[in-house]
Amino acid sequence: MARASAGSGCYLAGSDQIWTLDDFDKLLNFAPPGKRIAYAASANWGKQSKRWFIEARKELPYFTGISVRETEGREICQKAGMEQVEVVLDPTLLLDPSEYTSLVTAQSAYLPPDSILGYFLNTDALTEIYWNQILDSFKGNPLRIIPLQGTELCIPEDSIITPDPYEFIQAFKEAKNIITNSFHGTVFSIIMRKPFLSILQAGDTAIQNTRFFSLLKSLGLEDRIYAPERGLMREQMEQRIQWEAVENRLEQLRGHSAEFLEKAIQQSICRHG
């Protein structure tokens, strides 16, 4: 969440997980009316409390522009009384891949050749990420896992890596294939044009799966969600991705997202600067 001076700029809220809890500064209730913008606001949509809706109905009309990351978010904001709500790209997808890869200056490889990269979070048991299927499908390939939010407690230690931000980008750049249950793991797989599979989360965090469906549907990549009933994981991984078509859709969405943001900022400055 970024802030600008009251005289010359605007206040921008976004993007990940900001409108789930009753944390009303995320609705920018401290900012002047007309100087508030939401870009790619996200949440566990459907988990909002009655109090959140009360506050949202009060604060959202003071926004110059409101955009969300998932289609479900638009429905929630409309229930809070806002008719004009745009669905836009996550900020990470606004950049060209070269803007990420230019940050990688290491002279040596971070991953062994032909590595399978896993990026997992919110995992209590290996069965949740189909560990045995991963091992069976990719025998002979080095397996490197970035575990977060408790997942490190169940991943075999010899597979774990803990990259810094630059090594994180390098790992996605170098990986042969990527398997992830993370939204941003999916995003960086797409940015780096890597064959990938997204595993849906289960249990209490299953509500977060809406972000997978929203993004992958918009890019025509719904078939990258891992489905055990479709056969071996390797077979699904090796199904070809039409990257040119994906990039064409991405460019259209980038244009729409940038247009929303530029227009909202300009309106905020011109009308209330």
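Ile178 stands opposite Phe196 in strand S8. This is a predicted model: local features need pLDDT of at least 70, side-chain atom pairs count only at pLDDT 80 or more, and totals for chains, interfaces and linings use all residues. Residues are numbered from 1 along each chain as its sequence is written, and side-chain values use heavy atoms, without hydrogens or water.

**Strands around S7**
- S7 and S8 (residues 196-198) pair in the parallel sense over three bridges; pairing requires at least two DSSP bridges.
- Strands (E, at least two residues) and helices (H or I, at least four) are DSSP runs, numbered from the N terminus.
- The chain runs from S7 through H6 to S8 in a right-handed β-α-β crossover, meaning a clockwise path from the first strand over the helix to the second, with the strands pointing away from the viewer.
- S5 and S7 are parallel and joined by four bridges. Tyr119 stands opposite Thr180 in S7.
- S7 (residues 177-180) is covered on both faces: Asn177 and Ile179 on one side, Ile178 and Thr180 on the other, are all buried. Buried means under 20% relative accessible area (1.4 Å probe, protein chains only).

**Nonpolar cores**
- The largest nonpolar core has 39 residues; Leu117, Phe172, Ile190, Phe196 and Leu221 have the most contacts inside it. Such a core is a set of buried Ala, Val, Leu, Ile, Met, Phe, Trp, Tyr and Cys residues joined through side-chain atoms within 4.5 Å.
- H9 gives the most to this core, with six residues.
- A second, separate core of 24 residues includes Tyr11, Trp19, Ile66 and Ala80.

**Glu59**
- Glu59 lies in helix H1 (residues 50-59). Glu59 is buried, at 9% relative accessible area.

Key. Buried < 20%, exposed > 50% of the residue type's maximum accessible area, 1.4 Å probe, protein only.
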